[in-house]
Number of protein chains: 2
Amino acid sequence: MTQRQELALGRLLELVVLLNQDMTQSLATIDLTTSRTTVLWELRQRGPTKQNVLAEALKVSPRTMTGLIDGLVATGFVTREPHPKDRRATLVTLTAHGEATAGVMETDQAQFVEILFGGMGEARLTCLFDGLEEILARLRQHGLRLPEPTEAS
Amino acid sequence: MTQRQELALGRLLELVVLLNQDMTQSLATIDLTTSRTTVLWELRQRGPTKQNVLAEALKVSPRTMTGLIDGLVATGFVTREPHPKDRRATLVTLTAHGEATAGVMETDQAQFVEILFGGMGEARLTCLFDGLEEILARLRQHGLRLPEPTEAS
DNA sequence: TATTGTTATACTCTATAACTATA
DNA sequence: TATAGTTATAGAGTATAACAATA
């Protein structure tokens with residue numbers, strides 16, 4: 001492990017932390033959490049959706065999805081509607097507020113991109129992008145896992 | 001917002017998610033969480049430390065630190081020792097197991113670096129690093145925040 | 001019998017407020 | 001009076017298991 005590689009990992013982790021913090025904070029100001037926002041995002045793409053489908057999309061248990069929807073209903077982003085063909089199921093549906101919020105998030109994303117990459121040279125952007133791609137590929141190749149923790153103690 | 005910028009943000013967020021998942025999973029196999037691991041890391045640098053110092057280091061409330069230490073005590077990574085000069089305070093101290101684990105994590109980090117950057121060309125590594133630095137600088141400049149969420153609904 | 005979503009239970013991270021022991 | 005850490009309480013995300021209603 002060269003020192004430059006170690007530094008690069010440091011920057012990467014720093015970025016992970018910062019991006020998480022920023023997103024969490026910003027979303028909190030509009031009564032959202034990252035998990036609930038992901039649900040909103042899915043609903044925007046899919047339209048009214050069954051809970052189990054959402055649970056699979058987020059790779060989360062059905063029970064956890066119940067909780068997320070509970071929160072979104074309580075804060076007025078979605079409603080639970082009866083499924084027209086299957087009385088066991090409910091269709092989670094965006095409210096007007098939910099739609100509006102999801103729409104605004106697209107604008108915000110554009111502004112965020114501007115902050116991160118605005119005015120960054122073509123060459124550097126390409127290079128950064130390719131680097132990220134390569135890291136992602138490597139991570140996926142290794143089964144998306146950190147090295148098996150060498151047994152401690 | 002160009003399409004390439006949008007793609008770059010996508011990769012960045014993907015990486016954030018993957019790194020978080022991987023770290024969480026790997027740590028779970030040795031009975032740790034990311035928060036508790038951060039405490040371990042601090043203890044390794046600082047030696048026996050008062051809880052309030054740790055709370056400030058993690059930017060977390062004293063109450064939250066109590067919970068984190070409770071967990072680390074229960075799983076055998078640290079002990080609470082009386083502070084020699086201040087009977088109000090406790091000194092959180094790594095056990096042998098805690099020391100060993102913290103040590104192993106350094107090795108793991110090296111392996112992880114190898115996965116991410118091993119054999120990556122000098123030029124690309126430099127470029128990636130510089131790109132990350134630039135993004136971090138931009139984020140910091142903008143007060144570590146996403147754009148003020150344009151009022152929804 | 002299989003599926004959908006719930007209740008029941010549990011663990012983690014997070015916070016504020018009130019309180020105890022000590023400085 | 002101020003500080004260190006606790007109990008009390010609360011909300012959010014996560015999970016498994018048991019169960020009701022429906023397919």
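**Protein–DNA and interchain contacts in a predicted model**

A base oxygen of DNA strand D lies 3.3 Å from a side-chain N or O atom of Arg63(B). The model is predicted. Two or more residues each are given to the surface near DNA strand D by α2 (34–46) and α4 of chain A, and by α3 (51–58) and α4 of chain B. α4(A) gives the most, with 3 residues. In total, 20 residues surround DNA strand D. The closest are Thr33(A), Asn52(B), Arg63(B), Thr66(B) and Arg88(B).

The phosphates of DNA strand D are approached from both chains. From chain B, an N or O atom in the side chain of Asn52(B) is 2.6 Å from a phosphate oxygen. From chain A, a polar backbone atom of Ser61(A) is 3.0 Å from a phosphate oxygen of DNA strand D. By class, the surface near DNA strand D has 9 charged, 8 polar and 3 nonpolar residues.

DNA strand C is likewise surrounded by 20 residues. Asn52(A), Thr66(A), Arg88(A), Thr33(B) and Thr64(B) are the closest. Sugar and phosphate make up 72% of the atoms of DNA strand C found within 4 Å of the protein. A base oxygen of DNA strand C is contacted by Arg88(A), with a polar side-chain atom at 2.7 Å. Two contacts from chain B go to phosphate oxygens of DNA strand C. In Arg87(B), a polar backbone atom is 2.9 Å from a phosphate oxygen. In Ser35(B), an N or O atom of the side chain is 3.3 Å from a phosphate oxygen.

The elements that give two or more residues to the surface near DNA strand C are α3 (51–58) and α4 (62–74) of chain A, with α2 (34–46) and α4 (62–74) of chain B. The largest share comes from α4(B), at 3 residues. The class division for DNA strand C is 9 charged, 8 polar and 3 nonpolar residues.

The two protein chains also meet each other. In this interface, 66 residues of chain B are in contact with 66 residues of chain A. About 7,400 Å² is buried between the chains. Carbon and sulfur atoms carry 68% of that area. Polar contacts at pLDDT 80 or more link 18 residue pairs across the interface. On the chain B side, α1 (3–28), α5 (96–117) and α6 (122–141) are the elements that give two or more residues. α1(B) supplies the largest share, 19 residues. The chain B residues that touch chain A comprise 34 nonpolar, 16 polar and 16 charged.

Side chains of opposite charge can pair when their charged atoms come close. Over all chains the count comes to 18 salt bridges. Across the interface of chain B and chain A there are 8. One of them joins Glu134(B) to Arg124(A), with the closest N and O atoms 2.4 Å apart. The side chains of Glu133(B) and Arg11(A) form a salt bridge with an N to O distance of 2.2 Å. This pair crosses between chains, from helix α6 of chain B to helix α1 (residues 3–28) of chain A.

Chain B also contains an open sheet of 3 strands, in the order β1-β3-β2, with antiparallel pairing. β1 (49–50) and β2 (78–82) of chain B are the edge strands, and each pairs on one side only. Strands of a sheet pair through backbone hydrogen bonds, either parallel or antiparallel. β1(B) is joined to strand β3 (residues 90–94) of chain B by 2 bridges, and these strands run antiparallel. Within β3(B), Val92(B) is the bridge partner of Thr49(B).

In chain A, Thr93(A) sits in strand β3 (residues 90–94). Its side chain reaches the backbone oxygen of Leu91(A) at 3.3 Å. Apart from neighbours within four places in sequence, Thr93(A) is in contact with Pro48(A), Phe77(A), Val78(A), Thr79(A) and Glu81(A).

Definitions and conventions: Residues numbered from 1 in each chain as written. Chains lettered and ligands numbered in written order. Predicted model: local features only at pLDDT ≥ 70, side-chain atom pairs only at ≥ 80, totals over all residues. Heavy atoms only, no water. Contact = heavy atoms within 4.5 Å. Buried area = accessible area lost by both parts, 1.4 Å probe. Salt bridge = Lys/Arg side-chain N within 4 Å of Asp/Glu carboxyl O. Polar contact = N/O pair within 3.5 Å; in protein donor to acceptor, adjacent residues only side chain to side chain. Helix = DSSP H or I, 4+ residues; strand = E, 2+ residues; numbered from the N terminus. Nonpolar A, V, L, I, M, F, W, Y, C, P; charged D, E, K, R; others polar. Near = heavy atom within 4 Å. Pairing = 2+ DSSP bridges.
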